[in-house]
Amino acid sequence: MASLNQADVIIIGGGIVGTSIAWGLARRGTRVCVLDEGDEAFRAARGNFGLIWVQGKGAQSPSYATWTRRAALAWPDFATALQTETGIDLQHEQRGGFSLCLTETELNAACVTMQGIAESLDGAYEYELLEAEATRLALPAAGPAVRGSVYCPRDGQVSPQRLLRALFTALAARGATVQSGAAVLTIRATGEGFRVETAKGRYIAERIVLAAGLGNRWLAPLVGLEAPVAPQRGQVLITERVAPFLSHPTMQVRQTGDGTVQIGDTKEWVGFDDGITHGGIGNMAARAVACFPALASVKVVRTWGALRVMTPDGLPLYESSAEHPKAFLVTCHSGITLAANHAGPIADWILGGAGPAEIATFRSSDSSVGLPVAPPWLDSFPLDGGRRGWG
Ligand SMILES: Cc1cc2nc3c(=O)[nH]c(=O)nc-3n(C[C@H](O)[C@H](O)[C@H](O)COP(=O)(O)OP(=O)(O)OC[C@H]3O[C@@H](n4cnc5c(N)ncnc54)[C@H](O)[C@@H]3O)c2cc1C
């Protein structure tokens, strides 16, 4: 006979989104239960690049630009609190980040994008455009092929693995239930809340948060919501450790706190294939060497592919269900960057507070607004079959 476990809030999904929200709730004294499918699932939180990245985000949506900037501003306090609570060094630093441009076309496009975002935010957006010489002064390892760069002082990086470990550690210390191997099979609304069936037992709670990444697509209709998310593959490679040579992260190359160099990341619509390709890896390596020629002699030790959780317009989704107002959906493709918001204002919203102003338009019904980034075949994905039925 399966056991019945009670909490105030059940979070489905133990990725970076679910655990950030869970920690925020636990810090507010809420009894939280995180249910995670485990290693069988696609888990972007285990394969990402670790950037806290503001620049370029929100070119089509001032709300998203503001929401991202707000997260970046909240990150230092978020990191300090988590590190203090767990003793785990997140390798967090936010001294700014660079996007390197190798052609005039790239530089002009970056200029137009950044100007557009800054204007849409009435100038409340910090960035600099640097010519080649200024870029090499800031990043002496940059090679002659670099034509210029965009610098944003809010950008930074963190170890995504340490971040996730710290969140799990903090949740355990606060007495939260975290159940792995607990793929959610059904959700039923009861008079008092929700009853959730998993392979590991039944759980009940007054509130429920769907933070299951790609799994949200089929979970959402169970509580009257829609999550039109699709997988976008990113390939990443990592090198042996080398002496410090890069003081700031760039969008495609960053040196980790352990000395390895992480190079990323492709953006490919290949369904649920999270493998790697010679073409993908080769192109990224070639660009990395063009940016930083010293990398030509550094050995790659590991490569992987992981699937981003993408909406049609690339914007996050924050919604409560009209049918079941205590059921919430949260999904985004920048879960590291937005972690501080998820542990802060989003946790307050889930507990019944007013939603932050920025998230009002991040709804599935608005998600085709702006330039679509998802492939045309997204519409043919069934909403209720789960990934087992899609692939
Ligand atoms: C290559 C790559 C690079 C990236 N780089 C960055 C970056 O530099 N900065 C940044 O901010 N973001 C980055 N991202 C995005 C970031 O990783 C994601 O936004 C984030 O991981 C999404 O977190 P999530 O918790 O929603 O989803 P996931 O990490 O996918 O987690 C979802 C969880 O839900 C669970 N689940 C699914 N279905 C069920 C079910 N039915 N029952 C129970 N549990 C279920 C799974 O087990 C999984 O653990 C990158 C992503 C990729 C792929």
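Tutor: Happy to! Three strands form an open sheet in the order β4-β6-β5, with antiparallel pairing (two strands pair if DSSP finds at least two bridges between them; strands are DSSP E runs of at least two residues and helices are H or I runs of at least four, numbered from the N terminus). This is a predicted model, where local features need pLDDT of at least 70, side-chain atom pairs count only at pLDDT 80 or more, and totals for chains, interfaces and linings use all residues. Residues are numbered from 1 along each chain as its sequence is written, and side-chain values use heavy atoms, leaving out hydrogens and water.

β4 (97-101) and β5 (128-131) are at the edges with a single partner strand each, so one side of each has no neighbour in the sheet. Four bridges join β5 to β6 (residues 148-152), and L129 has V150 in β6 as its bridge partner.

Now to the packing. The largest nonpolar core has 62 residues, of which I11, W75 and L163 touch the most other members (such a core is a set of buried Ala, Val, Leu, Ile, Met, Phe, Trp, Tyr and Cys residues joined through side-chain atoms within 4.5 Å; buried means under 20% relative accessible area, with a 1.4 Å probe and protein chains only). Helix α2 (residues 62-86) gives the most to this core, 10 residues. Leaving out residues up to four places away in sequence, W75 touches residues including I52, L90, H92 and L163 (contact means heavy atoms within 4.5 Å).

Conventions
Buried means under 20% relative accessible area, exposed over 50%, partly exposed in between (1.4 Å probe, protein chains only).
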